Amino acid sequence: MKATDTPPVVAVKEPAPVSKAPAPGGKEKSSEGKTLNVFSHGVLIIWAILVVMPLLWAIMSSFKDDDSILSTPWALPDKLHFDNWSRAWSQAHMSDYFFNTILVVGGSLIGTLLLGSMAAYVLARFDFPGNRFIYYLFIGGMSFPIILALVPLFFVMNNMGLLNTRHGLIMVYIAYSLPFTVFFLTSFFRTLPGSVAEAAMIDGASHTRTFFQVMLPMAKPGLISVGIFNFLGQWNQYMLPTVLNTDPKGRVLSQGLVELANSQGYKGDWSGLFAGLVMAMLPVLAAYIIFQRQVVAGLTAGAVK
């Protein structure tokens, strides 16, 4: 071979691409996941229908007359009868019941959150003899049925001159709601960083100032969450005001609805009754719609440490 001759070029074959075999059971897992999603979404849809339909039916019936409610209960109202609402508000004294309920629930809610947050903060942040005993005492109050305390509570309230008074009912509501509030907020305060409170103490803040200006604003999601739960329970409370609040002028909404149903006798003012029911229901729905994000945030924040 001459020096000027070039060596023959040898073609190199590239390796064939290796195809990845599908993971065993991949299609089965994806099909199982799709089936589970369809089943879970179906259950949620059924649950939403069961919850929403009675609410829509009550609102729809509040704008009908009595004949339409009895003859075509599921049909839309042919005409909006706003006089049902005005009749329930004025003639059935729902305005007085609404005002009494706002005073009682508002005062008890403020007192419950104030006292409950203070007790929960001390139990969560300070170690002292009897700490766990007091904490479990509050938890034990959650398991005590209120029906067992109605008779002695009636006589205690009567002897103290608090029977048939708004402030007496407020005190009972606070005592009834404190166990759950302390239990919930104690777990929430434990999740808050203690370095912030230590920094405030180093800067010269007292325990009271540290609590109200530093720790309490940080616990806002938990306060809103437990406040919503207490608001629902106190707004819908019927047993306690029935036993402790027998004065007709001081009745709350739950008592007013029963009185509205009983006062009609055999006439049955169904349209007015549905209007009063929706009046009592709207504040609860509005509170949950407005604060639903804060409720979820408070529950998740209190559950993860």
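Visitor: Where does asparagine 164 lie?

Guide: In this predicted model, asparagine 164 lies in the loop between helix H6 (150-159) and helix H7 (166-191), and its phi is positive, at about 60°, although the residue is not a glycine.

Visitor: Switching to pockets, what volume does the largest pocket have?

Guide: The largest pocket has a volume of about 500 Å³, and of the 22 residues that line it, Ile146, Ala175, Tyr176, Ser177 and Pro179 are the closest to its centre.

Visitor: Which element gives the largest share of that lining?

Guide: H7 does, with eight residues, while the elements that give two or more residues are helix H5 (131-142), H6, H7 and helix H10 (220-235).

Visitor: How does the lining of the largest pocket divide by class?

Guide: That lining has 15 nonpolar and seven polar residues, with no charged residues.

Visitor: What lines the second largest pocket?

Guide: The second largest pocket, with about 180 Å³ of space, is lined by Trp47, Ala48, Val51, Val52, Leu55, Leu56, Ile59 and Leu285; helix H1 (residues 26-61) gives the most, seven residues, and by class the lining has eight nonpolar, no polar and no charged residues.

Technical notes: Residues are numbered from 1 along each chain as its sequence is written. This is a predicted model: local features need pLDDT of at least 70, side-chain atom pairs count only at pLDDT 80 or more; totals for chains, interfaces and linings use all residues. Side-chain values use heavy atoms; hydrogens and water are left out. Helices (H or I, at least four residues) and strands (E, at least two) are DSSP runs, numbered from the N terminus. On a 1 Å grid over the protein atoms alone, a cavity is a set of points where a 1.4 Å probe fits but cannot get out, and a pocket is an open set with protein on both sides within 12 Å along at least five of seven lines; lining residues have an atom within 4 Å of a point. Grid points are joined across faces, edges and corners, and a volume is the space filled by probe spheres set on the points. Ala, Val, Leu, Ile, Met, Phe, Trp, Tyr, Cys and Pro count as nonpolar, Asp, Glu, Lys and Arg as charged, and the others, Gly among them, as polar.
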